[in-house]
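Visitor: I would like a close look at one part of this model, the place where the two chains meet. Please also go through the helix packing within each chain.

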Amino acid sequence: MSGLLAVYRRELTAYFQTPLAYVFLAVFGFAAPAFAFHVGRFFDTNRADLAPLFDYLPWLLVVLMPALAMRAWAEERDRGTLEFLMALPIPLWASAAGKFLAAWSVAALAIVLTFPMWIAVNYLGEPDNAAIATGYLGTLLLAGAYLAVGQALSATTANQVVAFVLGAGAAFLLTMAGLPFVLAALGENAPALVTEFVAGLSALDHYNAFQRGVIGLADLVYFIGLIIVSLALAGVLIAERRGGGR
Amino acid sequence: MLVADRLIKDFGPHRAVDGVSFTLERGEVLGFLGPNGAGKTTTMRMLAGGLEPDGGKAMIGGHDCVADRLEAQARLGYLPEGAPAYPSMTPRSFVEFGLRARGFSGAAMKRACDLALERARLEGFASQPIGTLSKGYKRRAALAAAIAHDPPVLILDEPTDGLDPNQKDGVRALIREMAPEKAIIISTHILEEVPAVCSRAIIIARGKLLFDGTPNELAKSGPGGGVENAFRAMTMADNPVEAAS
């Protein structure tokens with residue numbers, strides 16, 4: 001446990017010692033409301049809910065979460081500090097979890113920055129605050145899933161740009177998988193089983209369930225499972241390096 | 001304290017370490033010598049638990065470096081090749097990170113950290129980001145992190161590489177100071193370092209152990225005497241072209 005906490009603390013400090021966290025928070029804090037107001041037409045919908053925000057957040061997360069995740073292992077490999085980290089008496093799962101939780105904390109802070117919009121809808125009308133709360137929970141879980149996948153892919157390379165492109169690509173695929181036109185195209189050309197499988201992978205479907213104010217067991221299992229599998233994958237990829245290419 | 005038992009490591013078709021065996025006891029300072037690419041760093045990485053051997057066994061304090069890695073690593077201080085450190089951290093926070101990961105906290109951590117920074121002679125620079133420090137101070141920050149938890153075994157991969165003569169003296173003095181209570185391995189290709197700090201020397205070349213004895217014995221073993229002649233005779237013996245030039 002001391003290993004996990006030490007890594008968490010170091011990683012979190014590292015985000016704030018470099019401009020990364022500040023740039024990230026500023027971009028997120030600016031882009032999230034900008035999407036909601038301009039693309040989601042927050043005022044024109046005349047509805048007191050945060051749908052204009054929640055509808056576009058996944059697309060923002062597709063780009064921004066990999067940016068937060070890309071350094072996780074690629075930077076350690078590039079700078080040689082992985083050698084130092086691997087010589088510490090801490091299990092790899094603790095390093096992977098510490099890194100993930102630190103990145104997730106920064107992401108949570110960014111999501112908190114959209115709270116003024118929640119206050120605004122309460123000022124303007126009478127929204128379903130329970131649905132908004134579960135919407136935020138879904139956003140946090142979606143962000144966590146993209147981060148975990150991005151960090152696992154970061155373990156495959158010593159190049160942060162490659163890690164970012166891989167992470168954004170994976171997040172994009174996870175998000176696209178559930179869109180009607182993708183499933184329709186698949187439905188015409190692939191067996192039903194494949195279409196069903198791809199639909200099941202869709203992060204967007206599970207995310208949308210939270211926006212309706214429902215916390216479904218299947219949706220929780222999906223996100224938490226994706227996070228745990230990705231962290232385990234990162235651990236396996238790094239452990240593989242001890243083998244030295246065996 | 002430390003056992004290398006017929007260690008083997010292959011990288012693809014290339015055998016980097018080929019059956020290297022030795023043991024090290026408390027109070028010994030072992031100079032690990034060999035030409036570039038001889039397998040020094042690979043052997044040290046296997047002992048440090050950063051690389052798993054393809055054959056043989058590495059043990060620290062009676063704990064297997066693979067099967068019982070965390071216990072072995074808890075007894076080890078390791079300075080990796082090139083002394084990697086996080087550039088955005090200060091030497092103090094870097095040393096504290098290592099200590100926290102090893103379960104230190106509060107006053108005990110502060111005491112251990114202060115002592116390590118003092119021993120590595122970093123006091124004046126302990127609060128500057130490592131990325132802004134010179135190569136010598138960066139190396140000392142990594143050295144401080146390696147010794148901070150007062151481990152019984154130290155593995156230092158080229159601890160004096162890139163240091164100026166005064167800094168080299170400082171590091172050698174520190175190693176001599178710690179020598180009585182620890183088992184220490186230092187790799188180097190600066191041969192004059194061997195009689196100055198080591199109580200024992202090992203030469204490896206092409207992954208094989210060629211010599212294991214005191215620096216005196218090493219000096220006597222070569223033609224014309226001297227550690228350097230012995231080293232050259234041994235590491236070039238199976239390479240007549242290089243030996244002739």
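Guide: A salt bridge is counted here when a side-chain nitrogen of Lys or Arg lies within 4 Å of a carboxyl oxygen of Asp or Glu. By that rule, the count between chain B and chain A is one salt bridge. Glu83(A) pairs with Arg45(B) in a salt bridge, and their closest N and O atoms are 2.9 Å apart. The model is a predicted one.

The contact between the chains involves 31 residues of chain B and 27 residues of chain A. Together the two chains bury about 2,600 Å², with 59% of that on carbon and sulfur atoms. On the chain B side, the residues that lose the most area to chain A are Tyr86(B), Phe97(B) and Arg100(B), which together make up 22% of what that side buries.

Next, the packing inside chain B. Helix α3 of chain B covers residues 91-101, and its axis comes within 8 Å of the axis of helix α5, residues 135-147 of chain B. The two axes cross at roughly 25°, and α3(B) and α5(B) are therefore roughly parallel. The crossing is right-handed. Pro91(B), Phe94(B) and Val95(B) of α3(B) make the contact with Ala141(B), Ala142(B), Ala144(B) and Ala145(B) of α5(B). By class, this contact of α3(B) with α5(B) has seven nonpolar residues, no polar and no charged.

In chain A, helix α8 (residues 129-154) packs with helix α3 (residues 51-69) at an angle of about 30°, the axes being 8 Å apart. That angle makes α3(A) roughly parallel to α8(A), and their crossing is right-handed. The residues of α3(A) in this contact include Leu53(A), Phe54(A), Leu57(A) and Met65(A), while those of α8(A) include Ile132(A), Tyr136(A), Leu142(A) and Tyr146(A). The residues of the contact of α3(A) with α8(A) divide into 15 nonpolar, five polar and no charged.

Helix α7 of chain A, residues 115-124, also packs with α8(A), at an angle of about 170° and with the axes 12 Å apart. That makes α7(A) roughly antiparallel to α8(A). The crossing of α7(A) with α8(A) is right-handed. From α7(A) the contact takes Phe115(A), Trp118(A), Val121(A) and Asn122(A), and from α8(A) it takes Asn129(A), Ile132(A), Ala133(A) and Tyr136(A). Six of the residues in the contact of α7(A) with α8(A) are nonpolar, two are polar and none is charged.

Terms used: Residues are numbered from 1 along each chain as its sequence is written. Chains are lettered from A and ligands numbered from 1 in the order in which they are written. This is a predicted model: local features need pLDDT of at least 70, side-chain atom pairs count only at pLDDT 80 or more; totals for chains, interfaces and linings use all residues. Side-chain values use heavy atoms; hydrogens and water are left out. Axes are lines fitted to C-alpha atoms, for helices over the stretch in contact, and angles run from 0 to 180 degrees between N-to-C directions. Helices (H or I, at least four residues) and strands (E, at least two) are DSSP runs, numbered from the N terminus. Angles under 35 degrees count as roughly parallel, over 145 as roughly antiparallel, 65 to 115 as roughly perpendicular and the rest as oblique. A crossing is left-handed if the near helix is turned anticlockwise from the far one by less than a right angle, and right-handed if clockwise. Contact means heavy atoms within 4.5 Å. Ala, Val, Leu, Ile, Met, Phe, Trp, Tyr, Cys and Pro count as nonpolar, Asp, Glu, Lys and Arg as charged, and the others, Gly among them, as polar. Buried area is the accessible area (1.4 Å probe) that two parts lose on being put together, summed over both.
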